[in-house]
Amino acid sequence: MLSEFKEFVNKGNVMDLAVGVIIGAAFGKIVTALTDDIIMPLISAIVGDTDFSSHYTVLGGGDKVTEGMSLAAAREAGANVLAWGDLISVIINFLILAFVIFQLVKFANRMNPPAPAAPAGPSEVDLLTEIRDALKK
């Protein structure tokens, strides 16, 4: 069993996947930092307070929550909250990450054009027609 596991891990695809996961996690941290430290402050300077992560709606137990209470404090007080602001932050992070990955793939495709397609041979119908004609003779 140990040798099978060693063979599985040493396959090229598994190692490539592991490297991709590690780089992806690091890249996710870069995008989060970009969003939190650069993009959101710019949006905040233009629009006003946009620290979306602290926005929420109280669904239940609102008697324990006072106005201006942080999300963490509202949760700690036992209130049932809908943390919609955090979802907005995650969506912004996703959109930035998707855009950057799209640009990377687009750049990689430009640097490595696809190999020319192999010339197409006769279709299956053509081959069957030739076989039929040969059998008729």
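Me: Is Arg 132 buried, exposed or partly exposed?
Reply: This is a predicted model, so the answer rests on computed values. The relative accessible area of Arg 132 is 45%. Buried needs under 20%, and exposed needs over 50%. Arg 132 is therefore partly exposed.

Me: Which residue does Arg 132 meet in a salt bridge?
Reply: The structure holds one salt bridge. The side chains there come to 3.3 Å, N to O. The cut-off is 4 Å, so the pair counts. The partner of Arg 132 is Asp 133.

Me: Is Asp 133 buried, exposed or partly exposed?
Reply: Asp 133 has 33% relative accessibility. Under 20% would be buried, and over 50% would be exposed. Asp 133 therefore counts as partly exposed.

Me: How many residues of H5 are buried?
Reply: Helix H5 covers residues 124–136, 13 residues. H5 lies largely in the open. The number buried is zero.

Me: How far apart are the end C-alpha atoms of H5?
Reply: Take 1.5 Å a residue for the 13 residues of H5. The span should then be 18 Å. The model agrees, with the end C-alpha atoms of H5 apart by 18 Å.

Me: How far apart are the end C-alpha atoms of H4?
Reply: H4 runs over residues 84–111. At 1.5 Å a residue, its 28 residues should span 40 Å. The model agrees with that, because the end C-alpha atoms of H4 are apart by 41 Å.

Me: Which residues of H4 are buried?
Reply: Buried means under 20% relative accessible area. In H4, the residues listed as buried are Gly 85, Ser 89, Ile 92, Asn 93 and Ile 96.

Me: Which residues form a nonpolar patch on the surface with Ile 91?
Reply: Ile 91 sits in helix H4. At 42% relative accessibility, Ile 91 is partly exposed. The patch has about 420 Å² of accessible area together.

Me: Is Tyr 56 buried or exposed?
Reply: Tyr 56 is in the loop between H2 and E1. Its relative accessibility is 18%. The limit is under 20%, so Tyr 56 counts as buried.

Me: Which residues make up the largest nonpolar core along with Tyr 56?
Reply: In soluble globular proteins, nonpolar side chains tend to be buried together. The largest nonpolar core here has seven residues in all. Contacts of Tyr 56 beyond four places in sequence include Met 69, Ser 70 and Trp 84.

Me: Which residues are included in the second, separate core?
Reply: This core has five residues. Among them are Met 40, Phe 52, Ile 92 and Ile 96.

Me: How far apart are the C-alpha atoms of Tyr 56 and Leu 82?
Reply: Along the chain, Tyr 56 and Leu 82 are 26 residues apart. Tyr 56 is also in contact with Leu 82. Their C-alpha atoms are separated by 5.5 Å.

Me: How far apart in space are Ser 44 and Ile 22?
Reply: Ser 44 is in helix H2, residues 12–47. Ser 44 and Ile 22 are 22 residues apart in sequence. C-alpha to C-alpha, the distance is 32 Å.

Me: What separates the C-alpha atoms of Ser 54 and Ala 83?
Reply: Ser 54 is in the loop between H2 and strand E1. Ser 54 and Ala 83 are 29 residues apart along the chain. Their C-alpha separation is 7.7 Å.

Technical notes. Residues numbered from 1 in each chain as written. Predicted model: local features only at pLDDT ≥ 70, side-chain atom pairs only at ≥ 80, totals over all residues. Heavy atoms only, no water. Buried < 20%, exposed > 50% of the residue type's maximum accessible area, 1.4 Å probe, protein only. Core = buried A, V, L, I, M, F, W, Y, C linked by side-chain atoms within 4.5 Å. Patch = residues over 30% accessible without salt bridge, like charges linked within 9 Å, V, L, I, M, F, W, Y side chains within 5 Å. Areas by Shrake-Rupley, 256 points an atom, 1.4 Å probe, with all protein chains shown as cover. Helix = DSSP H or I, 4+ residues; strand = E, 2+ residues; numbered from the N terminus. Expected span 1.5 Å × (residues − 1). Contact = heavy atoms within 4.5 Å.
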